[in-house]
Amino acid sequence: MKKIFVTILMLFVILGVYSCVPKDVFISGSDEIELGSSALYKLENYDKDDIIWSTSNNDIATIVNGMVVAERIGDLKVFAKVKNKTFEKDIKVIAPTIQLSITGKNYLYVEETYTYQCSLSQNVDEKIVWSSSDSNTLEIDEFGNVTAKKEGIVEITASVYHNKSVF
């Protein structure tokens, strides 16, 4: 009886040491990160330094010591591995909110060329996409250069990451 008790006790000790990661451990941090920014994620209720961090897609975001850097818009998972347990969190990298402001002339003469300018509330690597509501009346290229082709009323739109301004 004593041998069985000692064997059971040893089994509990071994299981206790082997599974020393608490059950209420989870990855904390935001579910969304804006493109071009970073956010710190923590493995809550676990205070050891032997965490191996990774993501499901390093093209969308990278992670070092819990710090996620958003590289592209998309969905991914963040993983924190401790011993034989892996914890995960779903994260969405979203487009940043950017204010755009178009400046330029309110009217052009037929055959006149002109370049519109667009200022952004923050610097981004993405190019501004220009468009005209009627390219038969006013043609615009990728740099905001326009040519008035005929008389009419046209809206010029500048957009970046789903944010836009209309002139």
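**Salt bridges and an open sheet**

Glu88 counts as partly exposed, at 48% relative accessibility; the label covers anything between buried (under 20% relative accessible area) and exposed (over 50%), with a 1.4 Å probe and protein chains only. The model here is a predicted one, so local features need pLDDT of at least 70 and side-chain atom pairs count only at pLDDT 80 or more, while totals for chains, interfaces and linings use all residues. Residues are numbered from 1 along each chain as its sequence is written, and side-chain values use heavy atoms, with hydrogens and water left out.

Glu88 pairs up with Lys77 in a salt bridge, with 3.2 Å between the closest N and O atoms; the term means a side-chain nitrogen of Lys or Arg within 4 Å of a carboxyl oxygen of Asp or Glu. This pair links distant parts of the chain, Lys77 sitting in strand S8 and Glu88 in strand S9, 11 residues apart. Helices (H or I, at least four residues) and strands (E, at least two) are DSSP runs, numbered from the N terminus. Lys77 is partly exposed too, at 27% relative accessibility.

The structure holds seven salt bridges. Lys92 is partly exposed, at 37% relative accessibility. Elsewhere, Lys149 and Glu139 meet through their side chains at 3.4 Å, N to O.

Four strands, in the order S2-S9-S8-S5, make up an open sheet with mixed pairing; two strands pair if DSSP finds at least two bridges between them. At the edges are strand S2 (32-34) and strand S5 (52-55), each pairing on one side only. On average, neighbouring strands of this sheet are turned by 30° against each other, direction ignored. (Axes are lines fitted to C-alpha atoms, for helices over the stretch in contact, and angles run from 0 to 180 degrees between N-to-C directions.) Three bridges hold the parallel pairing of S2 with strand S9 (residues 85-94), and Glu32 stands opposite Lys92 in S9.

Ile94 is also found in strand S9 and is partly exposed, with a relative accessible area of 23%. Apart from neighbours within four places in sequence, Ile94 is in contact with Glu32, Ile33, Glu34, Leu35 and Ile73, contact being heavy atoms within 4.5 Å. Gly36 is 58 residues from Ile94 in sequence, and the C-alpha to C-alpha distance is 9.5 Å.

As for the chain overall, its secondary structure comes to one helix and 17 strands. Of its 167 residues, 31% are buried. Among contacts between residues at least 6 apart in sequence, 49% join residues at least 24 apart.
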